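Please walk me through this model in the viewer, one selection at a time. Tell me what to select and what is there.

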Amino acid sequence: MNGDSTAIVNAESILHDIEILLKEIESGIHSENGRGLVQKKIKNVTTTINRFEATPKLLDSKLEWLVKMITSLYLQTKRTNGNLSNDLAECFYQLTKVRGYKFVVNFCSNDVYLIPELLSIISGTDMENDDCQCFLLLLWLSRLAMVPFQLSNIEESLAEKLFQLSNRFLVVHSSASRTQIASSYLLSNLIIRSDCASLLKRYVLTIADDWSYMSNNIKLGHLLALNQILKNKSNVEIAHLIPVLQSSIIDYEVIQIRHNRRHSLNTVNVLYIIKVSTKLANFYIRTNDFERVSGIVNFILLDIMNSMSSGFDAKLRECTAKSITKIVTSLSLKAVNYASQLIWFMIDQLKIRNLKSNHKFQKDVEINPLDFQVDKYHTILLFVAFLGMEKSVPLEVIPIAFSIVHKTIFISDITFSHVKGSQIRDASCFCIWALCRKLKQNDYESLCQYNPEMMECLLLDIIKVIVFDADFTIRRCGIAVLQEFVGRFGNMLFQHLLPGRTANEVGEFLIRFIEMFTAASVSRLSDSHKLIMKLYSLGFDKGIFVEPLLEEIIFESNVFETRKLGGIFLAELLGGDSSIACLNLPIEFPSTENVVSNISKAIKNGNYECFYALAEMVNRKLVIRPSMDLLEDKFFALGHHPKAPERAESILHFLIALIEAEIAPKNETYLSEVLSLSRAQPTKSLSSEVKKYLKIIGECRRESITFHDFESICHRIARGNQLLAEGVTAFPVNNQQLDLVLFLIEDFSIDPDIRSILIKGIHAFLQCGFSAKIEKSILESLDDYTNTDQGDVGSKVRLATLSLLAENDQFALQLDRGLKRRLIRLSGESMDKLRIEAFKLLCKVDDIPDYKAHYETYMSNYELYFQDFYDYYSKYCDEKDQFWEGMVHSAGALTGSSDLINVSFRCVLSLCYYSSESDVEEMLAILFRMLKTPTSTPPGCATIRHQKTTNCALMLVGKLLEAEVELPKDTNYEVLYVRTYNLHIKGANVKRMGLALKIFQHLSTSLSVASDIQQKCRKRIWWLASQHKSATVRVMASKSLFEILNELDPTCPLMSKIDTCDWRDQEEASRLQVESTILGLRCI
């Protein structure tokens, strides 16, 4: 469900909000300017109505007003320009979807004078394509068609018009669409009227004649209508037409399904064929035509259910179960024997041997996997449950049903590989719940007399479902079943299970027992497993849980986390006090020795994940001396097995348990094997086990492991072994080994994830007095701008380094100015988390508390962050070149968050407006220096980081010129021109060309720029527009050219030619340049 639980508490407030919104919509609906706002409000109403999906009856207090308001607004929009009508129809549909269309339609206006208007609207052009509006109009007309007087009193031909209209829309859409549903409802309401009897006969005879020629979609529309008609029309009035429906429709479909292999029906058609057939069967029961009833039952069960196989989906199963239940309920009033026979016939479909041998509960019923069909079992379990709901199930059936459920409640893809989902288990829970509701106290006593262990067995089954089922929904279902079961029979059952206790003591026990089971107690599987020890403490025998826990551990198809839980709780349970149990439940369970033997056997058969459970046994001292033969070399060579991480974790967990129990040696005996395990795909829990093992090995030595072993570990780390990267810092190291680790950190070719992990763990070396050796590596890590096809992966290294420095502030404080320079640069960059962490650390290093109160809001408030950063710049910053090297990546960013870029650029503008002229000159000098191309760098060979910085600097300069910032008089525009020129001629970067063109364009028209520089810029743009080999560059240059000419001489005769010239054609572009030269355009 999509309903909102808060709607239950705040229903009145939410309904009041809807009322206000609808009144605002009414007042604004005729305004052309506010259409978008009104549309938004209508959608808001639609969304708010949906909040009541879980509790639809809470709408009832305002439902009549809501329906009349929405339908009134709909007509108002249709009477004006039709705008918003579809949105209002969608809102109406949402209301019917939440509360049910048959209920909602009762509140539509019954003013018969609206009929002509509604007919006119629905007859409009293209209305068939508007599903929502058709639904509203047809449903409204179905209400008006029920007026308590002759339709001919309104209009002579009204009945015929409505008949034709409903027939037309009955076949417009497919798959039981809302239009089909509404039109079928209209048609049924119309032709069941006493003054429309001729229409009923005409309709039935017409579709009967045409049935064999109809498409499936047309048939579906008529099946919807027939279902409504048979539901609402009395038997006497329809009796003469039943044979026609049977012979022309049902019998036809029977023959086609049985004999025509090419005949296909979609599941929705089959669903309504079953519904119509069931209503015919109920008619035959009333007329004692049991042969016909038998034929329909066989058709539903044998022809449809058996033949459709996997196509017999959950909706069809539920429909079939309900249909057969209705037939059994009707038969029980007329022919009890037939009803009983049909119930047993249904159960016999399961093909369970010896199920009815003595009509008693059987714990050991065997379900043959070859005979197990999900669709049949699901249908029949639902059937028995619905019988229980109708109180039509005979008492002798209940022990048989419980015998089946005792097995099916645990069926999953673990026990039967072809079972998908939890439908069988869900239906089993439903079955127990429904049958418990049917039973009275004397029924319970009678059943217990002949089935002495049945109720105890069911109780334990329900508890096991709550504790062990992998599906949260089923665990919740189990709680509902347990509450029903204990609420009805708890006193009687537990009086027997707690001999010698008074009624009050039994009552107190039941309260404590039931209070354990809440939604929160089963929200996760780990939570539900905690109930094991609570139940054990309450007095339930540990044997109840040993077998299920052992199955969790040993079944390889279980997810690894479940198998770990099984191991943890099995060890805790077996280690508990055996004298706690007080319930009289004779349960046999394997001894601890047998449990260990089963687990060890599974390990020897290749089920290595069982090592985890065995380790827990060792930790609890349940295994004193496990066989060391289990740790054979081959277990450590997992290769590329899909379960390698789980197996590696389990083996390591066992090895650590042996070491901690002093069974295995606390040295490097198994180090080489662990190194081979570490090749597995890293997981969080496996990483934890690797670190724990390496820490144990490290702690047992006063000096480092051999250089050869350490070098081997570093070699694996360099090749991408994350597990060893996380654990290597657990070792004590010497200077030579530390150099190996630092070499890995400094090598930019190694995976940034690996280097990040090493940096995060290096604090262990700082504490050992190696800080001086580490300084250089740490500073260089802040300069890692490695770029791959995944983007700026070097940011992981920079962020890890900042985290290390923040956690080791004393180490950060002793670093030289190199750290401060880097932090200033990083504080101006575009990545939020990295920029903020750098600034916080910068303030700590400089001992500046001014901005500490703002740290928490920086992530969501760019304005505040850049205000503080510029305040730092103006008051404390003595590394201004680093400041601008970082800032260009925010204020001059080419991509990224528009909010970040705009806010940071506004701060740059503020600096230009409010700083001294010398400060602005300094800023420009730094920016111009960034544009300088190193003479030693060949074209195209600059690093990606340098190229990005240059492009961002170009962008920022261009934005300053575009913003018409008044730059200092002594600004060296010639330097800007030369450096922009040099940048754009080196390489073929189109993005940089665009940035350069922007600067050339502004220099060409600025009054502050010398005329010779203006001319150079214009000539360069002309050359780029006409001579550059890239068509994309020529087009960009032509746009700059047009803007220059438009600003300098908008009446120039060349303007239109520049605008219409195909600049992608280089010859045409060249001719235009020659023409401009002949004309002697000085402005160009």
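What is the volume of the largest pocket? The largest pocket has a volume of about 1,500 Å³. This is a predicted model, in which local features need pLDDT of at least 70, side-chain atom pairs count only at pLDDT 80 or more, and totals for chains, interfaces and linings use all residues. Residues are numbered from 1 along each chain as its sequence is written, and side-chain values use heavy atoms, with hydrogens and water left out.

**The largest pocket**

Select Phe-410, Asp-461, Lys-464, Pro-548 and Glu-551, which lie nearest the centre among the 49 lining residues. A pocket here is an open set of points on a 1 Å grid over the protein atoms alone, where a 1.4 Å probe fits, with protein on both sides within 12 Å along at least five of seven lines; lining residues have an atom within 4 Å of a point. A volume is the space filled by probe spheres set on the points, joined across faces, edges and corners.

Next, show α20 (397-408), α23 (454-468), α24 (472-497) and α27 (543-554), the elements that give two or more residues to this lining. Helices are DSSP runs (H or I, at least four residues), numbered from the N terminus. The largest share, seven residues, comes from α23.

**The second largest pocket**

Move to Leu-271, Tyr-272, Lys-275, Cys-319 and Lys-322, nearest the centre of a pocket lined by 34 residues. This second largest pocket holds about 980 Å³ of space. Helices that each supply at least two lining residues include α15 (267-286) and α17 (314-334). With nine residues, α17 gives the most to the lining.

**Helix α7**

Select residues 115-122, helix α7, and colour Ile-115, Leu-118, Leu-119, Ile-121 and Ile-122, which are buried. Buried means under 20% relative accessible area (1.4 Å probe, protein chains only). Seen down the axis of α7, the buried residues fall within an arc of 160°, so they line one face of the helix. The arc is that of the directions from the helix axis to the C-beta atoms. Their cover includes α4 (60-79), α8 (131-144) and α9 (158-170).

**Gln-94**

Finish at Gln-94 in helix α5 (residues 85-99). Is Gln-94 buried or exposed? Gln-94 is buried, at a relative accessible area of 9%. Apart from neighbours within four places in sequence, Gln-94 is in contact (heavy atoms within 4.5 Å) with Thr-46, Ile-49 and Asn-50. The side chains of Gln-94 and Asn-50 are joined by a polar contact of 2.9 Å.

A polar contact is a pair of N or O atoms within 3.5 Å; within protein, one must be able to donate a hydrogen and the other to accept it, and residues adjacent in sequence count only if both atoms are side-chain atoms.

How values were computed:
Buried < 20%, exposed > 50% of the residue type's maximum accessible area, 1.4 Å probe, protein only.
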